[in-house]
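The following exercises are to be worked through with the sequence and the coordinates at hand. Each task is followed by a stepwise solution.

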Amino acid sequence: MDVWAQIQHVAVKRDLNAGEELLQLLRNPFKQTLTDGAIWSALGTSVGFTAFIAIAFSFLRPYNSVVYAPKLKHADEEHAPPPIGKGYLAWIPPLWRTTEKDMIAHAGMDAAIFMRFTIMCRNIFLVLGVIGCAILLPVYYTLNSDKTGNQKWFMRLTPSNVSDQPIWALVVTAYIFNCIIIGFLWWNYRKVLQLRRVYFKTKEYQQSLSARTLMLNDIPKKYANDEGIARIIDEVIPHASFARTAAARNVRDLPDLIQQHDHTVRKLEKVLAIYLKDPQNLPPGRPMCRPSKKDPSFGTYPKGQKVDAIEYLTQRIRELEIEVKEARANIDKRSTLSYGFASYDDIAEAHSIAYALRNKKPQGATVVLAPRPNDIIWDNMPLTPANRSWRRIIINLWIVILTLVWVAPSAMIAIFLVNLSNLGLVWPAFQAQLSGNTGFWSIVQGVASPAVLSLVYLVLPTIFRRLSIRAGDRTKTGRERHVVGKLYAFFVFNNLIVFCLFSTIWNLVSSVADNPQTAWNTLSDFGVTLFVSLCDISAFWVTWLLQRNLGAAVDLAQLWTLIYSFFMRKFSSPTPREMIELTAPPSFDYASYYNYFLYYSTVALCFAGLQPLVLPAAALYFSIDVWLKKYLLLYIFVTKTESGGMFWRVLVNRFIFGTILSNLVVFLTAWVHGDGIHNMAFASVPLPFIMVFFKVYCSRTFDAKIHFYSTRNIQKHPEGAMSKDPLRSVGLAHRFGHPALYKPLITPMVHAKAQNILASIYKGRLSDGREAYSGDTMSTSGYSDAYVMNPMNAGKPGKAAHLPGFEIVPESRLDFEYYKTRAEFASEHGGGDIFGRSNDIMRPGTPGSSMWTGSEPPSRSGSPTIPNIPRMDSPGRVQSPELGMTYPSGYTQPLSSPYATETGVGRSRSSPLYAQGNDSASNLVSNAAAMPVAAPVSTRERSVERPSRAPGGVGMLGGGPRGYGGLPQEEDFGPEHDPMQYNYFREARTARKH
């Protein structure tokens with residue numbers, strides 16, 4: 001019914017006041033939402049627009065590879081998807097040829113499981129659609145008791161006017177449906193088990209440190225050390241081989257300082273991007289900002305007064321870098337937390353130990369398989385069990401409140417936004433506007449409801465993620481699984497149960513309120529009223545499912561990405577960092593898509609017995625989405641945090657719940673419209689219990705084999721414990737240490753077009769003035785007003801050196817390809833797994849070793865450094881190719897930190913980042929002053945476990961980059977300097993004289 005017809009309908013009902021109209025609408029909020037041609041219209045528009053978007057995509061794709069195939073550009077050769085030609089339909093053949101094992105190699109295990117679940121849903125609803133339509137539609141249509149001919153055709157396809165013996169067809173069909181669903185779930189459960197075994201054999205998993213590492217939580221205080229962790233495991237598994245252990249250290253407020261630093265850097269970048277948008281025409285006034293409340297000197301600023309943003313943020317970054325450096329240096333390495341890690345040489349042994357301890361708590365500690373380091377939510381790791389339980393109770397209570405509160409807005413959206421004439425019934429002023437501008441409000445009616453619901457659906461996952469983090473989830477993948485469960489419960493309750501029961505319950509309450517004497521009769525008719533209401537709105541769900549294809553097509557077209565990128569570039573002042581992030585492949589939101597698929601499946605299953613047309617509608621959606629999602633996962637999206645396919649059990653449990661819910665609908669139909677003695681209803685009672693038994697069977701048969709590489713009790717040689725080497729836990733301590741201990745601070749990025757004007761906008765100095773040749777472009781000492789020439793670039797004579805403290809980014813390098821191996825960029829776009837830089841890979845055969853051999857360029861490339869001073873090489877020095885620094889004979893080069901400068905590129909072809917010079921990131925200390933050679937001092941020989949110390953000190957730890965405060969940003973992680981070793985505090989760390 002169009003808006004004009006609705007207005008004419010409203011004019012007839014003007015004799016009721018607004019309150020009475022609202023009560024009438026609440027009695028039946030979904031009336032007049034469908035016409036006879038609504039289903040055909042939904043089918044035509046859905047298929048038509050989907051085909052149109054697919055054709056437009058085929059024409060746009062060859063010329064927009066940055067948007068439609070970013071993984072072809074950024075992934076390394078091992079993970080790169082199949083190449084695509086320039087033809088308009090060249091994207092279709094690779095989808096046919098790519099197998100499930102290829103999906104694991106190209107997109108990861110999570111992507112392969114997602115595709116398997118989508119294909120399973122398609123196959124289930126194709127089979128159910130054929131059987132359901134073949135059995136139920138003829139029964140409902142031919143045995144319909146309404147012979148008046150006034151009933152709409154789609155209502156004749158429901159059991160609303162079918163009763164008694166024909167209902168046996170529904171009960172028998174329900175048993176067939178359950179058997180088909182059980183068969184598909186069992187078959188795919190087996191296939192997922194096989195995929196997991198294939199995943200366990202992949203090179204990435206075999207070489208990952210997390211695959212052979214255990215995580216211990218809730219460790220008692222007296223066992224919270226490296227040796228105590230080993231003793232906890234030895235108590236239960238005494239014959240296990242030697243494990244390299246690492247207890248977590250207390251980092252105190254260091255993560256908060258780094259977060260403040262990152263936020264301040266990004267804020268400075270934004271201020272400079274806006275102010276220097278046109279370097280030739282700067283704004284007349286300098287940017288201003290309010291001091292941060294987290295600034296210790298916040299109280300010294302006049303209240304409510306703004307300060308110069310550039311000067312303040314620069315000074316704030318300098319202070320935060322000094323605080324971070326001091327915090328890292330002053331961490332008490334003996335202060336440990338209640339969790340730690342233990343790593344083994346053999347993956348099978350680690351998994352068998354985790355399996356043996358899965359239901360045990362030695363000394364009160366829980367032992368589980370360790371997640372990947374980038375999967376850990378570090379802030380939640382120290383929480384105690386009591387604190388975690390209390391948080392979960394509070395968060396679950398908030399989720400229940402949110403779910404209940406959303407009932408009222410959901411009802412208002414269904415009543416007023418779907419049909420604006422209903423709003424005119426209770427709002428006379430709006431009725432006048434509606435009558436005068438029918439064309440405009442027709443467009444609003446078609447856009448408002450989907451837009452509001454889409455906005456809510458975009459915000460809900462973010463809300464549930466934050467609530468799950470507050471609840472104490474330890475891992476990001478575990479949080480995503482919880483988000484799937486919470487979203488599914490929210491959608492099923494609000495958008496299905498409440499949506500379907502609202503009018504029935506409201507009619508019941510209003511009838512009892514109007515005539516309390518007939519309350520018992522009204523309550524006894526509740527089942528009949530509910531059944532009729534479900535049949536009335538069943539056709540709505542058919543049209544709703546048909547319209548879901550538009551969402552799948554919009555995902556393929558990447559309309560949101562195109563629109564957002566266009567407005568960011570044209571109507572905003574994006575920072576170089578934001579421009580780089582725009583070209584990065586987006587991460588796939590598994591939680592949202594899984595929730596949609598589960599919700600669509602539940603809707604189709606629940607209404608399959610009432611309106612069999614929902615089954616082919618769901619089958620059509622999944623048949624189209626299988627191909628569209630496969631392209632998205634292969635060529636566009638990346639998995640932000642790989643779980644190894646651990647979503648499967650969550651999906652199966654929800655699918656079984658949806659099947660049980662549909663069995664309850666069958667029971668209701670058989671009870672209301674069956675024979676008088678309810679034989680059909682009683683015959684349908686075993687259906688839910690069959691699904692529960694199947695769930696228990698799958699859990700006991702498959703879950704352990706899916707989760708663990710090995711469940712056998714593997715006994716290692718007892719003498720393995722005698723080969724303890726304290727240095728073998730170095731890699732474990734670094735890899736599973738808190739990122740705040742090792743993560744390099746980011747450097748403000750400035751566009752190269754503003755490079756020449758950047759120095760002039762600073763009123764004060766850019767260095768601390770305590771060092772000669774500190775890179776201060778204003779003066780040599782930081783205080784002199786004498787004019788001094790800018791230092792020259794050694795690599796390019798005649799060119800001024802880059803301004804210290806900033807990373808200058810030319811226009812040609814505003815691309816994720818140049819920065820994909822940096823932790824600051826890769827962490828949000830797959831963690832570097834598909835870019836040839838996984839932070840969890842280790843050398844084969846050396847589980848404790850680190851593979852950080854230059855897979856990441858320096859993230860502090862623009863920080864102040866020692867200037868280029870010509871020097872002469874002294875004899876007897878050792879050149880360090882990684883650090884660009886020389887060492888006297890007899891010195892050993894410091895061990896590489898996990899964030900060492902890159903020496904090679906993960907892909908076989910050279911990355912453009914290293915194909916040409918980058919003065920802001922390379923040759924930083926190529927001409928630094930030579931290290932002085934001291935006369936040898938007679939010292940007692942150190943043991944093999946205590947090699948000689950690498951040279952260093954304040955300002956020259958490895959010759960690395962330096963921050964605003966002139967402080968080194970990386971520690972010397974030589975063997976004797978590693979505070980994660982147990983012997984670090986037991987032996988002297990200074991040379992002793994004979």
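Predicted model: local features only at pLDDT ≥ 70, side-chain atom pairs only at ≥ 80, totals over all residues.

**Exercise 1.** Determine whether arginine 813 counts as buried or exposed, and locate it in the chain.

*Solution.* 
Step 1. Arginine 813 lies in the loop between β8 (807-809) and α33 (823-826).
Step 2. Its relative accessibility is 4%; because the cut-off for buried is under 20%, arginine 813 counts as buried.
Step 3. Isoleucine 580 is 233 residues away from arginine 813 along the chain, yet their C-alpha atoms are separated by 8.3 Å.

**Exercise 2.** Identify which residues of the largest nonpolar core touch the most other members, and describe the surroundings of tryptophan 541.

*Solution.* 
Step 1. The largest nonpolar core holds 128 residues, and those touching the most other members are Phe117, Leu496, Trp541, Phe607 and Tyr631.
Step 2. Helix α26 (residues 614-636) gives the most to this core, namely 15 residues.
Step 3. Beyond its neighbours within four places in sequence, tryptophan 541 is in contact with Asn495, Leu496, Phe499, Cys500, Tyr599, Val603 and Phe607.
Step 4. Another core, of 22 residues, lies apart from it; Ile233, Ala350, Ile353 and Ala365 are among its members.

**Exercise 3.** Which residues of helix α7 (residues 100-107) are buried, and what covers them?

*Solution.* 
Step 1. The buried residues of α7 are Met103, Ile104, His106 and Ala107.
Step 2. Their cover includes α5 (70-74), α8 (109-142), α9 (167-200) and α26.
Step 3. Just after α7 comes glycine 108, with a positive phi of about 105°.

**Exercise 4.** Which element gives the most to the nonpolar surface patch?

*Solution.* 
Step 1. The patch is formed by Phe667, Trp671, Phe682, Val685, Phe689, Val692, Phe693 and Val696, which together have about 750 Å² of accessible area.
Step 2. Two or more residues each come from α27 (648-673) and α29 (686-707).
Step 3. Helix α29, where phenylalanine 689 is placed, gives the most, with four residues.

Key
Residues numbered from 1 in each chain as written. Heavy atoms only, no water. Patch = residues over 30% accessible without salt bridge, like charges linked within 9 Å, V, L, I, M, F, W, Y side chains within 5 Å. Areas by Shrake-Rupley, 256 points an atom, 1.4 Å probe, with all protein chains shown as cover. Salt bridge = Lys/Arg side-chain N within 4 Å of Asp/Glu carboxyl O. Core = buried A, V, L, I, M, F, W, Y, C linked by side-chain atoms within 4.5 Å. Buried < 20%, exposed > 50% of the residue type's maximum accessible area, 1.4 Å probe, protein only. Contact = heavy atoms within 4.5 Å.
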